[in-house]
Amino acid sequence: MKRDLYIDFAKGLATLSIIFIHTAFWSGQLYLPSEVRTLSLLIDVPVFFALSGLTSGNNVEKTLYRLLKLQVTYMIFVTFLFFLDGFMKLGIFNIFGAERMQSYYTVFGTKYGVPNLDSAFNWDMLGNWWLHSYSNCDSFPVVMGSFWYLKVYYIVTVFGVLALKFFPKHIKWLIGVCLALTVYFNIDNDVMKNFAPYYPSGQVGYVAFYLAIFLIATQLKGKKIKNVFVPVLYGLVALSLVLVFWYFGNEVFYKFNKQKFPPKIPYIVWSLLSLVTIFVLYNRLKITKDNFINYIGKNAIFYYFAQGMSSSVVYFLIPPLKDSVNIWILMVIVYVLNVILAILFAEVLKKVDDYGWKVLEFLRKKTAEN
């Protein structure tokens with residue numbers, strides 16, 4: 001089956017957008033205005049679920065095998081991260097001393113406590129990371145801060161492929177159920193006096209919204225949105241934004257990130273512009289040759305891992321420059337450096353992953369029955 005270069009290109013752009021989001025919301029909190037951080041959310045996580053739906057089918061075995069490979073790659077990465085974090089702590093403690101160590105870790109902000117030497121190799125933490133309990137990684141705090149997506153991706157992908165396999169004639173009904181649940185979870189007392197505002201804890205709220213996106217995308221697979229519907233879709237997005245600002249007030253603009261965890265109506269409406277654009281350009285924008293953005297898209301998982309590390313490293317550029325460099329110039333410098341570091345880290349992680357699989361294959365052969 002011929003690879004769709006548009007999907008790779010869109011995924012690459014979305015990955016670069018995620019790097020910008022984490023540049024703005026993590027180290028950017030030290031110097032960037034709130035407006036920039038909010039605008040960065042225009043191209044965000046929903047796009048990845050849409051692109052996943054556009055490439056998914058109803059082959060349960062193939063999907064579960066792909067997810068299993070992803071889980072192994074994830075475990076290889078967090079194991080590498082665990083030892084890297086531990087050796088960094090030992091190095092800072094033993095080489096630079098406690099005072100330098102305290103200065104090193106406080107650059108991440110007051111909400112991150114300064115670790116002690118006993119936390120250098122906490123094996124309980126590694127086991128929890130393997131099982132997707134994302135406790136903080138002291139030396140690279142952005143990594144675990146962005147991993148919430150991975151758990152939701154696993155759940156949505158499994159539910160999605162099962163729906164496509166066993167309920168292919170009822171996908172539209174399932175989409176309706178997911179959207180209805182999303183609306184119900186966002187009900188306000190002022191709208192429905194008989195219902196209390198209710199948003200379930202855990203993953204339910206996330207899955208309802210992102211599964212709807214995933215399933216909608218599967219229904220558009222191989223199709224092209226007719227030209228007559230394009231202005232209608234963008235008109236509905238504009239109308240939705242007007243209604244959100246009218247109902248919630250202009251101050252909601254500064255709260256979109258808080259409305260993201262879990263996704264609530266303001267954030268959902270804010271994400272519609274990128275979602276509609278992805279669907280409109282699908283089978284309309286033709287990418288005929290591979291390019292570097294496509295390369296990022298093809299290796300998105302390694303860039304996803306790498307950007308957490310690079311977004312943590314760029315923190316150290318802010319304190320010496322934020323008072324002497326214009327914030328817009330500083331934003332560009334930090335973002336470009338973040339992308340460069342993410343590229344370098346991604347290439348290293350690809351090598352680590354390849355080596356990890358070779359080790360597992362070696363162990364498999366050694367333990368297999370003759």
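Guide: This is a predicted model. Let us begin with L236, which has 48% relative accessibility and therefore counts as partly exposed, since a residue must be over 50% to be exposed.

Visitor: In which helix does L236 lie?

Guide: L236 belongs to helix α10, residues 230-248.

Visitor: Which residues form a nonpolar patch on the surface with L236?

Guide: The patch consists of V232, L236, L239, L243, W246, Y247 and F248, and together they have about 740 Å² of accessible area.

Visitor: Is S146 buried or exposed?

Guide: A residue is buried when its relative accessible area is under 20%. S146 has 5% relative accessibility, so S146 counts as buried. S146 sits in the loop that joins α6 (141-145) to α7 (148-166). Beyond its neighbours within four places in sequence, S146 makes contact with H22, Y304 and Q307.

Visitor: Which residues of the largest nonpolar core touch the most other members?

Guide: They are W129, F147 and Y210, in a core of 95 residues. Helix α1 (residues 5-25) supplies the largest share of this core, 11 residues. Domain 1 (5-16 + 49-300) and domain 2 (17-48 + 301-369) each contribute at least three residues to this core.

Visitor: With which residues is Y210 in contact, leaving aside its neighbours within four places in sequence?

Guide: Y210 is in contact with V45, P46, F49, W148, V152, V156, P263 and Y267. Another core, of 10 residues, lies apart from the largest one; Y31, V36, L330 and L341 are among its members.

Technical notes
Residues are numbered from 1 along each chain as its sequence is written. This is a predicted model: local features need pLDDT of at least 70, side-chain atom pairs count only at pLDDT 80 or more; totals for chains, interfaces and linings use all residues. Side-chain values use heavy atoms; hydrogens and water are left out. Helices (H or I, at least four residues) and strands (E, at least two) are DSSP runs, numbered from the N terminus. Buried means under 20% relative accessible area, exposed over 50%, partly exposed in between (1.4 Å probe, protein chains only). Contact means heavy atoms within 4.5 Å. Patches are made of residues with over 30% relative accessible area and no salt bridge: like charges are joined within 9 Å, nonpolar side chains (Val, Leu, Ile, Met, Phe, Trp, Tyr) within 5 Å. Accessible areas come from the Shrake-Rupley method with a 1.4 Å probe; for residues, only the protein chains shown count as cover. A salt bridge is a side-chain nitrogen of Lys or Arg within 4 Å of a carboxyl oxygen of Asp or Glu. A nonpolar core is a set of buried Ala, Val, Leu, Ile, Met, Phe, Trp, Tyr and Cys residues joined through side-chain atoms within 4.5 Å. Domain bounds come from an automatic or database domain assignment.
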